[in-house]
Amino acid sequence: MRSNRFILQHVSLLALAAVLLSACSGAAAPAAKDWSTVKSAADGGGMDALIAAAKAEGELNVIALPDDWCNYGEMMKTFSEKYGIKVNSINPEAGSADEVQAIRDNKENKGPQAPDVIDVGPAYGPLAKDEGLLAPYKVTTWDSISGLKDPDGYFYTDYNGVLVFEINLDVVKDVPQDWKDLLDPKYKGQIALAGDPRASNQAAQTVYAAALANGGSLDNIQPGLEFFKELNAKGNLLPLIANTGSIAKGETPITFQWNYLALANAESFNGNPPLEIVYPKSVNWGGFYLQAISVYAPHPAAARLWQEFLYSDEGHTIWMKGYCAPARLGDMLQRGVVSDDLKSKLPDPAIINSAVVPNADQLKAARELIKTQWDSVVGLDIK
């Protein structure tokens, strides 16, 4: 009997071992998803899977997002609190060219200086795609996005605005109403661009708008360079980049801004100093920005979740609180999910709809001309 019990026990142990071996081999757990190749939330297993993967990564690297630009401060804070993901903000005052360069410079670097996502001017999305720097991804609200969209999801419009003059009334008493007014000697040492036009989308498009106001066209921006050459020769143009602080202090009392940035400044200044926002008479210049994901993103799931958040109703509402007209605004208005308070923060639809907006090829050509001729024609280093 003792011998039989031993045999039975031995056989049972062998059977158990076989089961365990089978569980460890034939029924192995599925491999982790490579989120760097995922092209939609559905492709990755759904939003729950995306959220879980992003939370596991725990961080997101953004670049060139000042807190007061389109209310990005609240956007980053809300995203971080909602998902428990730390947002690392790299070089908030960078320009679009700097964003693309940061991807190039950090291809092999998964540290905090490698951006996961970028928010760039329209000339830089196609450029980055052509260089193989972007990853395709379509958010779940893709079909309701209006504006420029790469058909495969490499880049897509995020928000729109028009160019205005932002003027500190503590310094400037006689307010210019149009571009040619700025050539008056009384504005000597008072005018500044909001970036280096060789690297900043906003500054480059300011030169482009000046071209149309001075006899140029969407295919001829040379008059814009000549206009800024004359501003510089008269001593009206400062070699400084205008920002919220320099505008408030009166160091750069006249600058060119997207209307949403000027409106946000007016709200935050609350009359100290008083600002006047001028929509130039001769040209109503419209502009938009593009979102994209770096193909080298160190946090690929978090990058995709960030895009989902931006293009959700919640994310779009945060943009609207910052006076930006987001890409899904039409859809949200149609569904009646935009409050009257938010509607009051947005520009008159007629202003947005009547704005002059160049196409991608025109923007690319303009960017190249400004980049190569600014030094030789205007001769002022903006920094």
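A pocket is an open set of points on a 1 Å grid over the protein atoms alone, with protein on both sides within 12 Å along at least five of seven lines, and its lining residues have an atom within 4 Å of a point. A cavity is a set of points where a 1.4 Å probe fits but cannot get out. The second largest pocket here is lined by 16 residues, of which Ala-325, Leu-329, Gly-330, Leu-333 and Ile-352 lie nearest its centre. This is a predicted model, in which local features need pLDDT of at least 70, side-chain atom pairs count only at pLDDT 80 or more, and totals for chains, interfaces and linings use all residues. Residues are numbered from 1 along each chain as its sequence is written, and side-chain values use heavy atoms, with hydrogens and water left out.

- The largest pocket holds about 560 Å³ of space, and of its 32 lining residues Pro-66, Trp-69, Glu-93, Ala-194 and Gln-202 are the closest to its centre.
- At least two residues of the lining of the largest pocket come from each of α4 (96-105), α6 (201-213) and α9 (259-269), where helices are DSSP runs (H or I, at least four residues) and strands likewise (E, at least two), numbered from the N terminus.

**Cavities**

- The structure holds two cavities of 30 Å³ or more.
- The largest cavity has a volume of about 80 Å³, and α6 and α15 (360-378) each supply at least two residues of its lining.
- Among the residues lining the largest cavity are Tyr-124, Gln-205, Tyr-208 and Arg-367.
- The second largest cavity, of about 30 Å³, is lined by Val-62, Ile-63, Leu-65, Val-117, Ile-118, Asp-119, Gln-291 and Trp-306.
- Strand β3 gives the most to the lining of the second largest cavity, with three residues.

**Helix packing**

- Helices α3 (residues 72-83) and α10 (residues 300-310) pack at an angle of about 120°, with their axes (lines fitted to C-alpha atoms over the stretch in contact, angles running from 0 to 180 degrees between N-to-C directions) 11 Å apart.
- The two helices α3 and α10 are therefore oblique to each other, oblique being what remains after under 35 degrees (roughly parallel), over 145 (roughly antiparallel) and 65 to 115 (roughly perpendicular).
- Contact (heavy atoms within 4.5 Å) involves residues including Tyr-72, Phe-79 and Lys-82 of α3 and Trp-306 and Phe-309 of α10.

Notes:
Grid points are joined across faces, edges and corners, and a volume is the space filled by probe spheres set on the points.
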